[in-house]
Amino acid sequence: MPPPPDQAVTDRPAPPTQQSTPPAAPPAADSAPPPAPRDLSEALQQRMERYQSAAAQAKGQGEERKTRMHQRIVKQYQDAIRAHKAGRAVNLSELPVPPGFPPIQGTEGSAGDQSIMGVLETAMKLANQDEDEEEGEGGEGGVKPAARPAVVRPVGTAQARTPPQHPQPRGPPAGGAVPVGQGSAKANTKLQSKAQQQLDFLEGRKRQLMQAALRSKQKNDLEGAKQHLRHAKGMDPLIQAASGGLPVDISKVPAAPVNEEDFVLVQKRGVQVSHRAAEQYSNLMELLKQQHEKCMSYSKQFTHLGNVSETSRFERMAEECKKHMEILKHAHGKGYPVPKFHHEERTFNVIKIFPNLTNSDMILTVMKGINLPAPQGVSSSELNAFVQFEFAFPSSEEAQRDRTSTVKNTNSPEFNEKFKLIINRSHRAFKRVVQSKGIKLEVFHKGGLFKTDRVVGSAQLKLDNLENKCEIREIIEVLDGRKPTGGRLDVAVQIREPLGGQQLESVTEKWVVIDPLTLPPVAVPTPKPKSNPVKDVNSREAYKFHSLSLLNYDKERAERKIVEYKRAQRELPRDLLQSHREVSQRIQWQRNQLERAEPGPQREYEAVLDRLAQGLGDSVKRFSSEGNREAAKDALYRLRLVESEMQNLRRKRPA
């Protein structure tokens, strides 16, 4: 029988060139099928011993990351064995199963959702522990090699497969060549800068997807959790390719999920914030949210183009915005004064692109006419003008034509009409139209009864600038043949991106940066008077009690409008954002007032609901008698919300 492994290393060291036969202990344990366990305790013990053997083997080969992973799994099994011996329930779906082992009896028929959630939670725990250990090792400097234990390996096998961890060469290799073992290690740990950026980006995106899956699971959204988990698992082949230094198409990477809770200010119970401070907090949070959305939008554009460095840059800026949001939320939750902040001018290159357009779309916009000529016998104030255009693609016979509506009695009409044209960027006929013909526009005076429409002038919009721009806006002159008429047309053309490539432009914006050093070390909440609790309810004159159901209804309507604006890629109106912010603050304030369980606010709240119900009932009758069905339906729906709220309030009232 071979000696134990510890005696084999100390008593009889193997020479470097010895090709001895492998020992029977660890490899036999890996290849032999496990005997059938008698009970659950023995099954857990068998699997733990297999992972202990795998950890020892990985340590002998110098694979530290794999060693730490197996050791963490061993610790999971140790905890499970202790829990089983103590009589507590053990979630077997969370325990990884080693290769060659059948599932433990009782887990074969477990639901798919539970197994997915078990894998998810286990993966998140391992990832977080691995990050913590790597940060700790990086911060301790030279402690890592010194604290490393001596390698214990069987005679002949591990040394024959892997080079020693600390070689002592007598001299440098000839010609400055690097030994094979060291060269491969350096190639794996020190990638080129672009490849390293690519790898960091992919690992960060996988982390974001795993965190989003965990959030969805905590909200009982199993479908969302499974989708995020599938996306995260799909990142593994990309990460493996990037680790080997291979280029990866990052345009196929899933977008980073956004957590809406990061943008919500939550005030803790018993903490008072003045109305002015609450408004300042909301304005700051809104600015930081806009900055974050802008960073993510630019990041998506560069991801679509496969530009790793710029994508990583905007991802870092987005993370910086989230850190500032956390500072703001912490200060708001503790009742601190508004943190100091400053503006910085930040310049960065962005890609001018219209993401809502496809490569086969071109949008022609006829804005307005300026001092258009009138035909003979018609004064300028009697001109009834419309514009007709012709785009000679795919051919002159099959040209795309359309016209605006007629604007009467003015020579400076405003049309503001958009027309969608179909293009083929790679077609030879389209390139010929862009370079030579452009779009022909004609201005007409609309004739009356038994009178034909009369042409008063024409104009030509050149499209050659689309080679390096994705938007053209020009004020072109209206001609009568070749004779200027003094009239002009304001028109614009948009395509997704320039025909000749990307359009980069330098943008300088004011960036809000919050200074974390301005936060006080101790929270100073506003003192609450105890002698007159009713007075504390009315201490903030800006808000009065209202129906929480109606406030939530108004908030949901505002959020639906915001979503519609974002889908249409349109700028959000300030009054919509202000109303949404105001309703959210009012809901938060009223809940804080009602959570005090004092009789004064409760009585006032019930009286407000009674008045609202009576007023809404009168509104339903009035709108119905006037024939205004939509207003009557809305008032009736609000009345039912208030009545339901009153019933819930009566049920919660102590008998």
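Let me start with one definition: buried means under 20% relative accessible area, exposed means over 50%, and partly exposed is what falls in between. The model you see is a predicted one. My topic is its salt bridges.

As background, side chains of opposite charge can pair when their charged atoms come close. Over the whole structure, the search gives 17 salt bridges. I will go through a few.

One of them joins Lys-206 to Asp-236, with the closest N and O atoms 2.5 Å apart. Lys-206 has a relative accessibility of 23%, so it counts as partly exposed. Asp-236, at 30%, also counts as partly exposed.

Next, Asp-490 and Arg-473. Their closest N and O atoms are 2.8 Å apart. Again distant parts of the chain are linked, here strand E9, residues 483-495, which holds Asp-490, and strand E8, residues 471-480, which holds Arg-473; the two residues are 17 apart. Arg-473 has 53%, so it is exposed.

Glu-310 forms a salt bridge with Arg-313, the closest N and O atoms being 3.9 Å apart. Both belong to helix H13, residues 308-334, and they are 3 residues apart, about one turn of the helix. Arg-313 is partly exposed, because its relative accessible area is 28%.

Last, a network: salt bridges link Lys-75, Asp-79 and Arg-82.

Key: Residues numbered from 1 in each chain as written. Predicted model: local features only at pLDDT ≥ 70, side-chain atom pairs only at ≥ 80, totals over all residues. Heavy atoms only, no water. Salt bridge = Lys/Arg side-chain N within 4 Å of Asp/Glu carboxyl O. Buried < 20%, exposed > 50% of the residue type's maximum accessible area, 1.4 Å probe, protein only. Helix = DSSP H or I, 4+ residues; strand = E, 2+ residues; numbered from the N terminus.
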